[in-house]
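Hello,

Here is the structure I promised to pass on to you. Have a look at it, and then read on for what turned up.

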Amino acid sequence: MNPVKKFFSLLLFIVVLIPFQLKAQNVITSAIKSQHGILYYPHLVERFYQQNGNKLAWIAPDTVKTHAWDAMLLLDCIKQYGLNHDDYHPDLLLYPTLHKLIENGSDRGKAKYDILLTDAIIRLINDLHYGKLNPIYTETRINDGTQFKADAILILALQSNAFLTCIDEVQPNSKLYADLQDHMRLLVGQRSGDCYVIPPELIRKMAINMERLRWISTTGKQVHLTLVVKEGVVINYKDIYEGDKNLEDRLYNEENRSFNINYHSK
């Protein structure tokens, strides 16, 4: 083809494509604005979509591989991380809705669901790294910007063939935490499936101490632990500061009362 004709053909293609790209970008930005009030990390969500060109991150035709189902499964298994399923848009992120959107959803519907799933996974990444109730790294502080960037972690995970591993790696790497996490997975996953009766109070106590270990990992300060696991054996310590019930209520959204966190040596 004549170089001049080739140039103008390419230029025409770009001119035709631009309106579609702008429309897609406008749908994403509009959907973020419309849901701003229910997003946990609106600033991080906005930055995530700016970095990916304001494109859908999860929802694509069945013939296109995304990590949408991996993310949904991760949220279903949230109990194994000692976190609360209610904190991740459970009433809106539904499997039937996702199926319908993939098969024949409107651009606006896809964008809204995509954004909510992004917000949920960004929150999960932050909760796994900092803890849900970190007294120093609060939700507001994280949303304003910290050295650890959950949106960047999510982009890397979406580009990886090991999505779940990328998310898991944001957790503390101390042996105390790893042993507690392994035991939590054993009880909530394998043993619950094998019809073992696992006391709910044990699961909750393990969860609140996983939360405390996330604070220790990210703040460098010590917090009194009331449960650890050593060589597969659960060891309980006295709740000398009477903080277990208060922390449990907050972790499981069962009370709205304020609480104070005092750092203490183990």
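A term to start with: a nonpolar core is a set of buried Ala, Val, Leu, Ile, Met, Phe, Trp, Tyr and Cys residues joined through side-chain atoms within 4.5 Å. Buried stands for under 20% relative accessible area, with a 1.4 Å probe and protein chains only.

Please keep in mind that this is a predicted model, in which local features need pLDDT of at least 70 and side-chain atom pairs count only at pLDDT 80 or more, while totals for chains, interfaces and linings use all residues. Residues are numbered from 1 along each chain as its sequence is written, and side-chain values use heavy atoms, leaving out hydrogens and water.

First, the overall picture. The protein chain has 11 helices and 2 strands (DSSP runs numbered from the N terminus: H or I of at least four residues for helices, E of at least two for strands). Of its 266 residues, 44% count as buried.

Now the inside. The largest nonpolar core holds 47 residues, and Trp58, Ile121 and Leu124 have the most contacts inside it. Among the elements that give two or more residues to this core are helix 1 (3–34), helix 5 (107–130) and helix 8 (163–168). Helix 5 gives the most, with 12 residues. Another core, of 22 residues, lies apart from this one and includes Leu180 and Trp215.

Which residues does leucine 124 touch, leaving aside neighbours within four places in sequence? Leu124 is in contact (heavy atoms within 4.5 Å) with Leu74, Leu75, Ile78, Leu83 and Tyr88.

Enjoy exploring!

Terms used
Buried means under 20% relative accessible area, exposed over 50%, partly exposed in between (1.4 Å probe, protein chains only).
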